[in-house]
Amino acid sequence: MPGRAVTGAPILTAAQMRAAEDRSIAAGASVSGLMELAGTGVAEWVHRLAAGSPVLILCGPGNNGGDGYVAARVLAGRGMDVRVAALGDPRTEAAAEARKGWTGPVESVPDPLSNVDAYSGVYIDAAFGTGLNRPLPESMSAVIEQLVRFSRLAIAVDLPSGIDSDTGNDHELFLEAGYDVTLALGTLKPAHVLQPTARHCGAVQLIDIGLDTIDAPVRTLGRPWMKKPQPWTHKYTRGMVAVVSGPMHGASELAALAAYRAGAGYVLLLTGGLPHPPHAIVRQRWSADALGDERIGAVVIGPGLGRSDRAREKLEAALSSPHPLVIDGDALHLLDLGRVQVREAATVLTPHAGEFAALFGDGEGSKIARTQEAAHRSNTIVVFKGADTVIAQPDGRADVALPASPWLSVAGTGDVLAGTIAAMLAQNPDTPLDAATAGVWLHAEAARLLNRCFLADELAGALPHALERSL
């Protein structure tokens, strides 16, 4: 079956996708040839997933509809029960050619409510693809909603109709449950990985149509490669992490615990609190001089820091240190971007949406574009957290994590992420983007292993099991 894994896959905007297609055409391909590959790939997936059920394909007037006509022809040629409905006549040459290749009847747009049983098979949405940048007409939305709702299996070709390819905007789409499968053509699009649109896509499968995407600066986050400890490894080569605490000690304790559980060899918690388990965490009263230890591989500041003058003094000391730095939580509200722009050591910022807006403003464009701009503006690695976490570095390269467990929406999980990234950064100070992406992957994998209803403490405890999956 033609296809490719979505982890590590390129993500292109609609304009970048058209440019990639143009390069392929300049190299000898044709629009009709690309459409044939796309439609055949769709048919391969549908043939497997339909399991003999009747198929209804809704074709739009553009090239997305052309893909649908090709799929219909191939499926019918394999003996499947296929019906085609169209929103109108094809408006592109390639789509018109594909329409001629379908020798069966073309129906008008169906009314599912008139005969629910007739539409209980497999519904294929080939109505609108990457070119749509406005809401669907209300009447069309209602029809598609019913087709998705009453079908046994709903499959979108490239994108579910009604969503914006580039921004993750669903234009207040009607769908609650969403599609079961989306067959992305050529590359992933931002809408496949950004919320709220990713939730409409269901399981995303990538169909290879031979596009040149080697230089794509944005990709999905893949499984990281972790180094195993060697016989000559000791606690400092494993990475020493210092965590700066504040009045909310629990947050910094979580960050310190996560750093250990993610593989750091030595964790120093700079706090005024009393020692308590785990005793492996070295607790020392805060002083700026403590950050002068040359063995420190990375510093975490922000979890539980507060926003007092004392907190500002601690942040300034951390910024003035020569160590790689992870800045999270309260510290992001106190941060002057000018201070991180000139730091020589690697700096990683880990804001959630509210912290990002406080630091960089609301901005425009997709979450990917805003994270790229923020990384360039601050000269740091920016980890814009959420169900669709984006990690970007100043040169524009970025990784987007596949949708994470919604059970991560509990207090303390961000502190765990900060400590996890710090452990990776202490071990890999020269490749901060790799360190940040590895930390995000481990954090999400630990959540997947726990499944549901977990505490942040348990999330930190699951990191070794996640780490085992990357070794």
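Visitor: Is Lys-100 buried or exposed?

Guide: Lys-100 counts as exposed, because its relative accessibility is 70%, where exposed means over 50% relative accessible area, buried under 20% and partly exposed in between, with a 1.4 Å probe and protein chains only. Please keep in mind that this is a predicted model, in which local features need pLDDT of at least 70 and side-chain atom pairs count only at pLDDT 80 or more, while totals for chains, interfaces and linings use all residues. Residues are numbered from 1 along each chain as its sequence is written, and side-chain values use heavy atoms, with hydrogens and water left out.

Visitor: Which helix is Lys-100 in?

Guide: Lys-100 lies in helix α4, residues 93–101, and helices here are DSSP runs of H or I with at least four residues, strands being runs of E with at least two, numbered from the N terminus.

Visitor: How far apart are Lys-100 and Arg-238 in space?

Guide: From C-alpha to C-alpha they are 64 Å apart, and in sequence they are 138 residues apart.

Visitor: Changing topic, how many disulfides does the structure hold?

Guide: The structure holds zero disulfides, a disulfide being a pair of cysteine sulfur atoms within 2.5 Å. For Cys-59, the nearest cysteine sulfur is that of Cys-201, 19 Å away.

Visitor: And is Cys-59 buried or exposed?

Guide: Cys-59 counts as buried, since its relative accessibility is 0%, whereas Cys-453 counts as exposed at 61%.

Visitor: Which residues does Glu-253 touch?

Guide: Not counting residues up to four places away in sequence, Glu-253 touches Leu-269, His-276 and Arg-283. Glu-253 lies in helix α8, residues 249–261, and counts as buried at 15% relative accessibility.

Visitor: Now the helices: at what angle do α14 and α16 cross?

Guide: The axes of α14 (residues 413–427) and α16 (residues 456–468) cross at roughly 30 degrees and come within 8 Å, the axes being lines fitted to C-alpha atoms, for helices over the stretch in contact, with angles from 0 to 180 degrees between N-to-C directions. That makes α14 roughly parallel to α16, because angles under 35 degrees count as roughly parallel, over 145 as roughly antiparallel, 65 to 115 as roughly perpendicular and the rest as oblique.

Visitor: Which residues in α14 meet α16?

Guide: Thr-413, Val-416 and Thr-420 in α14 meet Ala-456, Leu-459, Ala-460 and Leu-463 in α16.

Visitor: And how does α15 cross α16?

Guide: The axes of α15 (residues 432–450) and α16 come within 8 Å and cross at roughly 105 degrees, which means that α15 is roughly perpendicular to α16.

Visitor: Where does Asn-451 lie?

Guide: Asn-451 lies in the loop between α15 and α16, has a positive phi of about 80 degrees although it is not a glycine, and counts as partly exposed at 43% relative accessibility.

Visitor: Last one: which residues does a cis peptide bond join?

Guide: A cis peptide bond joins Gln-195 and Pro-196, with omega about 10 degrees, and Pro-196 is in the loop between α6 (190–193) and α7 (198–201).

Methods
Contact means heavy atoms within 4.5 Å.
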